[in-house]
Amino acid sequence: MSIALRLARIHARDVLRGRWLITYASGLALLAESFLRFSGSESNAVLGLGTVTLIAVPLLTLVVATVHLYAARDFIEALLAQPVRRRALFAGLYLGLALPAAGAFLVGVGVPLAVRGFGDELRGACATLLVSGVLLTLTFVAIACCVVFMVEDRLRGLGVALGVWGLLAVLYDAGVLMFVAMASDWPLEKPLLALTFANPIDLARVSLLLRLDTAGLMGYTGAAFQHFFAEWWGAGLALAALTGWVAIPVLISARAFNRKDF
Amino acid sequence: MTTPMVEVASLTKRFGSVDILRGVDVTIARGRITGIVGPNGAGKSTLIKLILGLTRPTSGRILVDGHPVDEDGAYRARIGYMPQMGRFPEHLTARELFDTMHEVRGRDVEVDDDLVGVLSLQDQLDKPLRTLSGGTRQKVNACLALRFSPALVILDEPTAGLDPRSSALLKDAVLSLRSSGVTTIVASHVMSELEELCDDIVFLLDGRVCYTGPISDLRGLTRQANLERAVAALMIREVA
C-alpha cells in the first residue's frame, strides 16, 4: 500500500473515532426520513433534501473539517517528522477526511432514499442529489484544507471558512439577482449559465432543480437551462465542472501545505 | 575523517519582515551530544524545525547524514524527534500512537521498546492520552522519539514537565545512546541539564551563532566555572 493510502487509512480511523461523523450521518438520515415521511410527495421530499444538501452539507462539512484540521495540527507536525513526503501526507490528510465525510453523506441521505426505491421519474433527481452531495462534500473539505493551511490563527480561519460559505451559499445569489435586475433588458441565458458554472452550490442546485418538475417555474431561462442540461454533453459538462470545483481547492491547498512552515 | 551528522550552511529564515535566523553555519558532530542554547526567540526551535523539514528555509543549505533536507522525507527515517509539547489525538492510547507511527514508517522497521520499561510506562499504554498527566505524555513523547532506533535524536526541552526520577532516567537513556554512537541534539533552557548531557554547545543569539564548540572550550574562553555563567558572560559580551 502506498504511503498516501496508509496515511489516509490512519487519518480516516482517527476521524471515525471522533464520533462527529456518526452524529452527522445519523442527523442526515433523520432529516431524510422526516422529509420522506412528511413532505406530501416524493418530489417535495427530494426538493427538501436538496435544500439540506446545498446549504447545510457545505456548511457542516466546512466547519467540522476546519475545526478538526486545526485540532490535528500538532499531530500533523508529528507525522511530518516521520519519513514521509509532504505530498503523500497531504493526500492522506485530505482523503482520510473527505472520503469518510462523503461516505457519511451517502449513508445519511442515500440509504433512506434507497430503502424507498423511487420510481423512474425521480431516479435521475435522486442520483443528481447524491452525486452533487458527494462532490460538494469533497469541495468543501478541500476549501477547509485551504483555510487551515493558509490561515495560522484558528479563530480567524473559522471566520474565513464561514465567510467563504456565506459568499457561495448566500451572497453570490444576491449578486446574481442584482445582476439580473440591472440587466433585465438584455438576453441573460448565456451569462446566467456562465454564472451558474462559477459557483458549485448554484451548479448543483440548477442540476437538481432541472431534474424535478419545479423546473417549469423558472420561466424562459429555466427552459434554456433545461435544454442545455438535458443534452448529454450539457450534463457531462456540469459534472465535469463540479469535479473541477473539487480539483481547484485541492490543488490550492496542496500547494499551501507544501509551502507551510509548521 | 567522518562526515558530520548535520551540516548547516548560510541558513536564513524570515517570517514576514522578521529575520529569525541570519546566516547560521553549524556542524553537528557524529556520535556526540550537542546542546542548542539561547534566550527566547533566539531561533532554537526554528533551527530544529528546519533540520526536520517542518519549516522551509529562506536560503541556505542543510545536510543530514549527507542527505539534503528536501521534499523527499526519506532522510527522516533515521531521526527521532521529541517536540516540546507533543499533542496527539486525545482518544488514542499510547500503544495505538506507537502503532500508528510504526505503520507510517513501515512494519519492517525495527522497534526498540526499552524506554517504556525504563520509564515505567507499561501500565499507562492502554489509557487514552487525554487521561494522562502532562509528565506522562512527555514520557510517551520520549519513548516515541527513541522507538525506531534513530541515528539522530532531536530533543526540544526534553525534561520539561518530567518528575526528577523520570528526568534522570531519560538523561541516562540519552547518555547510553551516545555510547552506542547515536548523535543527539538537545534544545533546552536548563543549563545544568545541558552541562550534564552535552559535549558541544551551539549558542544562538538574535538569529546568529555566537559560539559553537565543546563546552569545556567555552568555559575556558569565558573563564567561568560552569555553563550557565559562561553563557551569561558570552551574552553580556555580545550585547555590549
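Guide: A quick definition to start: partly exposed means a relative accessible area between buried, which is under 20%, and exposed, which is over 50%. Keep in mind that this is a predicted model.

Visitor: Okay! Is B:Glu195 buried or partly exposed?

Guide: B:Glu195 has 26% relative accessibility, so it counts as partly exposed.

Visitor: Which residue does B:Glu195 form a salt bridge with?

Guide: Its partner is B:Arg219, and the closest N and O atoms are 2.5 Å apart. B:Glu195 sits in helix H6 of chain B and B:Arg219 in helix H7 of chain B, so to speak 24 residues apart.

Visitor: And how many salt bridges are there over all chains?

Guide: The search finds 22. One of them pairs A:Asp261 with B:Lys13, with the closest N and O atoms 2.6 Å apart.

Visitor: Why does that pair join two chains?

Guide: Because A:Asp261 lies in the segment after helix H11 of chain A, while B:Lys13 lies in strand S1 of chain B.

Visitor: Is B:Lys13 buried or exposed?

Guide: B:Lys13 counts as buried, at 5% relative accessibility. A:Asp261 is partly exposed at 21%.

Visitor: New topic: how many cavities of 30 Å³ or more are there?

Guide: There are three. The largest cavity holds about 140 Å³ of space. Among the 16 residues lining the largest cavity, the closest to its centre are A:Gln82, B:Gly80, B:Tyr81, B:Leu144 and B:Ala145.

Visitor: What classes of residue make up that lining?

Guide: The lining of the largest cavity has eleven nonpolar, three polar and two charged residues.

Definitions and conventions:
Residues numbered from 1 in each chain as written. Chains lettered and ligands numbered in written order. Predicted model: local features only at pLDDT ≥ 70, side-chain atom pairs only at ≥ 80, totals over all residues. Heavy atoms only, no water. 1 Å grid on protein atoms, 1.4 Å probe; cavity = no way out; pocket = protein on both sides within 12 Å on 5 of 7 lines; lining within 4 Å. Points joined across faces, edges and corners; volume = space filled by probe spheres on them. Nonpolar A, V, L, I, M, F, W, Y, C, P; charged D, E, K, R; others polar. Salt bridge = Lys/Arg side-chain N within 4 Å of Asp/Glu carboxyl O. Helix = DSSP H or I, 4+ residues; strand = E, 2+ residues; numbered from the N terminus. Buried < 20%, exposed > 50% of the residue type's maximum accessible area, 1.4 Å probe, protein only.
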